[in-house]
Amino acid sequence: MNVPLPVFVVLPLIAAFLLPLLGKKYKTAATVLANVVTILLLLLAIGSIGQSRVYEVGKWPIPLGINMVLDGLSALLLLAIGVVSTAAMLFSVRYMEQYTAKAKFLCLFLLMVAGMNGVVLSGDIFNLFVFLEIASIASYALVGFGCEHEELEASFKYMVLGSIASMFVLFAVALVYGNTGTLNMAYISEAIEVSGLNIGLGFALALFIAGFSLKAALVPFHAWLPDAHPSAPAPISAMLSGVLIKALGVYALCRIVFNMFGVSIQLGWLLVTLGILSMIVGAFLAIGQWDFKRLLAYSSISQIGYVVLGIGLGAVILAGDGEVATASLAILGGLFHLLNHAVYKSLLFLTSGSVQMSTGTREMREMGGLADKMPVTRTTCTIASASIAGVPPFSGFWSKLILVIAAVQAGFYWIAAVIVFVSLCTLIMYLKVQRYVFLGELGENLGEVKENKGSMQIAMVSLACLCVLMGLLLFVPGLRENILEPAVKVLTDGLEYSSIVMK
Amino acid sequence: MLYALCFLLFMTGLYCAVVKKNMVKIVIGILVMEYAVNLFLIMLGYRTNGIAPIVGRSDLEAGEISELFISSTVDPLPQALVLTAIVISLGSLALMISICIRTYEKYGTFDITQIRRLKG
């Protein structure tokens, strides 16, 4: 399928404008429309795998106009966004009946999807900022969607930190424009390659890293995430943890570091340090939590650490003239973990939403013994927990294994040890979830609890199937070469990016 | 010199957003940051005694753009960027203020040290 690239942005935008018009009267029509749009986007994302294209918006030739670029990395992120948004949208068909103003929710949801698709496709640095803001503003509003005490507080906190991050990014964009005289990423990377890093560009790079790390919630920039993610409605928590922090944070960081500025050893170590800090701090804080969704949110910080660690390790090896094969392996581990995390963390948030809808609480001490009452939720949650903790047949195991192998091959044995240790902590926290939520004696007031039926079950079961099958991405030859390898190649080739765009 | 003042304005906004305890003042701090960045963008394209970047009739008739035009126009691109940035900041300002109002309705205060139910 060779659709023009702006369709990925325009389709959800048009639907988002139509939905509030349908309003309360035609609520079913609005729900169906929103679901059709997300499913279409998923199909388009699957169709765009393995392609590499440049689209010039309005037929303006490249340095003058805005361009959109589809390459391996973009296609991987588009796929993740498509899968998670389809599942979350399906889940919210039933889940969002608890709230009023469903049409507005669907509208904001699609705006967020449009913003994220725009971020991963944009080849223009200012355009990337604009899409980043569209996705961020929609997500601020969605976090505060319940309009209760905690939700408003979390939303304000998220919004202040998010706005500061956006301002950092805009300031950096201005500095880059002042120093290179262009906004096109390919031309910027060429100009930087010629001129080298001067003070202005160095400052811009620092601002970019601070801004995108805030969006990705890497420790020490993580303060907003544990408040914002649990406060949002469950499908939105799944979107935020599943793809938003990756598309806005990790993807943008990779693009800037690898394809625009070029890797250096110091930058690589900075990413590795951020990654390891996030892994350890996130895991330790998660173990102590008693709020179901808050535990999941801290675990997201820890898992994002794995992704950044893998990518940073690749940068260190690349810049240090190590074996390209080892660097590719590290980056492959990071990106595969990104895809895996998108699937199982969104599944975990959906199951937490299902539990919350049935029991009316997120406090794990008040739960217990739900295994018999909610068999589907229990089974899917166990699969996702096993996957995130790295139990062998499930997806999380393979990506962690690749990271460990890459670290050992590169000679960083202590990094391999840290990966295994944090994996153990993850296992502990998810055993805690299983023990207090699903096993043990039935909690008080939980006698009447019923399993959630319909669309919620379909969403959870399909994500659980993906969790089991994701390992195939590595072993079925066609899938690996088409989905993962091109994305890795985009990063290992680094500054080659500009020649692909300008050809 | 002007750039340094602009950076000072940015830091003032950042300081205000980080240190102040009143929600509305935090919002004002963020806005000051936005204005500082907008000002910076405008200054990037500014030229003393510059002319408006509009191609005149004489240039069109000559079929090519004169040297004088190229050497004396201001850069129009940052102005377009600033327009976009202003629209975006308007959207986020509206949302921020409405969240402030809803929070005031719930808690009866703008003081963030008293609005802290979330911990951990």
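Two residues are taken to be in contact if their C-beta atoms, placed from the backbone, lie within 7 Å. The structure described here is a predicted model, in which local features need pLDDT of at least 70 and side-chain atom pairs count only at pLDDT 80 or more, whereas totals for chains, interfaces and linings use all residues. Residues are numbered from 1 along each chain as its sequence is written, and chains are lettered from A and ligands numbered from 1 in the order in which they are written. The model scores ipTM 0.93 and pTM 0.93.

The secondary structure of chain A comprises 21 helices and two strands; helices (H or I, at least four residues) and strands (E, at least two) are DSSP runs, numbered from the N terminus. The radius of gyration of chain A is 21 Å, close to the 23 Å that the globule rule gives for 503 residues, so chain A is as compact as a globular protein of that length. This radius is taken over C-alpha atoms, and the globule rule is 2.2 Å times the number of residues to the power 0.38. Along its principal axes, the C-alpha trace of chain A spans about 70 × 55 × 45 Å. Of the 503 residues in chain A, 62% are buried. A residue is buried if 20 or more other C-beta atoms lie within 10 Å of its own, exposed if 12 or fewer, and partly exposed in between, with C-beta atoms placed from the backbone. Among contacts in chain A between residues at least 6 apart in sequence, 80% join residues at least 24 apart.

The largest nonpolar core has 229 residues, and those with the most contacts inside it are A:Leu110, A:Val119 and A:Cys467. Such a core is a set of buried Ala, Val, Leu, Ile, Met, Phe, Trp, Tyr and Cys residues joined through C-beta atoms within 7 Å. When residues up to four places away in sequence are not counted, A:Cys467 touches A:Val343, A:Tyr344, A:Leu347, A:Ile383, A:Ala384, A:Ser387, A:Phe394 and A:Ser395.

Helix 17 of chain A (residues 413–438) has 26 residues and reaches 37 Å from its first C-alpha to its last, close to the 38 Å expected at 1.5 Å a residue; the expected span is 1.5 Å times one less than the number of residues. Its buried residues include A:Ile415, A:Ile419, A:Val422 and A:Thr426. The buried residues of helix 17 pack against helix 11 (265–287), helix 12 (292–319), helix 13 (324–359), helix 14 (370–373), helix 15 (375–389) and helix 16 (395–409) of chain A. Just after helix 17, A:Gly440 takes a positive phi of about 80°.

In the loop between helix 8 (199–216) and helix 9 (225–231) lies A:Pro220, and the peptide bond from A:Val219 to A:Pro220 is cis, with omega near 5°. A:Ala217 is placed in the loop between helix 8 and helix 9 as well; its phi is near 60°, a positive value in a residue other than glycine. With 26 C-beta neighbours inside 10 Å, A:Ala217 counts as buried. A:Lys59, in the loop between strand 1 (53–56) and strand 2 (67–70), has a positive phi of about 60° although it is not a glycine. A:Lys59 is exposed, with 7 other C-beta atoms within 10 Å.

Chain B has five helices and zero strands. The radius of gyration of chain B is 21 Å, well over the 14 Å that the globule rule gives for 120 residues, so chain B is more spread out than a compact globule. Its C-alpha atoms fill a box of roughly 70 × 30 × 25 Å, taken along the principal axes, and 23% of its 120 residues count as buried. The mean pLDDT of chain B is 87, and 97% of its residues reach 70 or more; pLDDT is the predictor's confidence in each residue, from 0 to 100. Within chain B, confidence is lowest in helix 3 (residues 57–62), at a mean of 73, and highest in helix 2 (residues 23–45), at 93.

B:Gly29 is found in helix 2 of chain B and is buried, with 22 other C-beta atoms within 10 Å. Not counting residues up to four places away in sequence, B:Gly29 touches B:Gly13, B:Cys16, B:Ala17 and B:Lys20.

The contact between the chains takes 28 residues from chain B and 29 residues from chain A. On the side of chain B that touches chain A, the largest share, 13 residues, comes from helix 5 of chain B.
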